[in-house]
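Subject: A structure for you to look at

Hello,

Here is the structure I promised to pass on to you. Please open it beside this email and follow along as you read.

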Amino acid sequence: IHVRKKINSLMIEEEAGRKNNNNNNYHADNNNNNGLLICNYDMKLAGQGDWWGGHISPIAAYDARSDSVLILDVWKYTDPFWISIDTLLASTVLSIDSGSQTSRGFVKIIQTQK
């Protein structure tokens, strides 16, 4: 449940950052505005069909009403899709990569100020 709260928190921070940027209310000391959240997930567990397995794509949005995120799938054979946080967790940190024998997960990339 701790991981679930952290993902929700990151997505809410990112959405707030986008709104602030759109309203020209960016503050240099707020480093939540420049982030990108990327997930490494199992495509089959995410409900994308019986593909090879692991996949890496950015998370573009969070919808609080449905408690889901929009994954902008980067592979040409698949489309962007909404996935519930529960299913996302099952296909990331709760799944084991067959090659490395470790769990999958997330990376948050933040642009630093010059």
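This is a predicted model: local features need pLDDT of at least 70, side-chain atom pairs count only at pLDDT 80 or more; totals for chains, interfaces and linings use all residues.

Let's start with the strands. Five of them make up an open sheet, and if you walk across it you meet them in the order S4-S3-S2-S1-S5, with antiparallel pairing. Strand S4 (81-84) and strand S5 (105-110) are the edges: each has a single partner strand, so one side of each has no neighbour in the sheet. On average, neighbouring strands are turned by 40° against each other, direction ignored. As a bit of background, the strands of a sheet pair through backbone hydrogen bonds, in either a parallel or an antiparallel way.

You can trace the pairings one at a time. S1 and S2 run antiparallel and are joined by six bridges; look for Ile-38, whose bridge partner in S2 is Pro-58. S2 and S3 are also antiparallel, with four bridges, and here Tyr-62 has Val-69 in S3 as its bridge partner. Strand S3 (residues 68-71) is in turn joined to S4 by four bridges, again antiparallel. In that pairing, Ser-68 has Ser-84 of S4 as its bridge partner.

The core

Which residues touch the most other members of the largest nonpolar core? That core has 15 residues, and the ones to find are Tyr-41, Ile-59, Val-69, Ile-71, Ile-83 and Leu-88. At least two core residues come from each of strand S1 (35-42), strand S2 (54-63), S3, S4 and helix H2 (85-91).

Most residues other than glycine have a negative phi. Asp-67 is not a glycine, yet its phi is positive, about 50°. You will find Asp-67 in the turn of the hairpin that S2 and S3 form, with four residues between the two strands.

Gln-101 also has a positive phi without being a glycine, with a value near 60°. Gln-101 sits in the loop between H2 and S5.

Is each of these two residues buried or exposed? Asp-67 has a relative accessibility of 16%, and buried means under 20%, so Asp-67 counts as buried. Gln-101 has a relative accessible area of 56%, and exposed means over 50%, so Gln-101 is exposed.

Enjoy exploring, and write back with any questions!

Best wishes

Key. Residues are numbered from 1 along each chain as its sequence is written. Side-chain values use heavy atoms; hydrogens and water are left out. Two strands pair if DSSP finds at least two bridges between them. Axes are lines fitted to C-alpha atoms, for helices over the stretch in contact, and angles run from 0 to 180 degrees between N-to-C directions. A nonpolar core is a set of buried Ala, Val, Leu, Ile, Met, Phe, Trp, Tyr and Cys residues joined through side-chain atoms within 4.5 Å. Buried means under 20% relative accessible area, exposed over 50%, partly exposed in between (1.4 Å probe, protein chains only).
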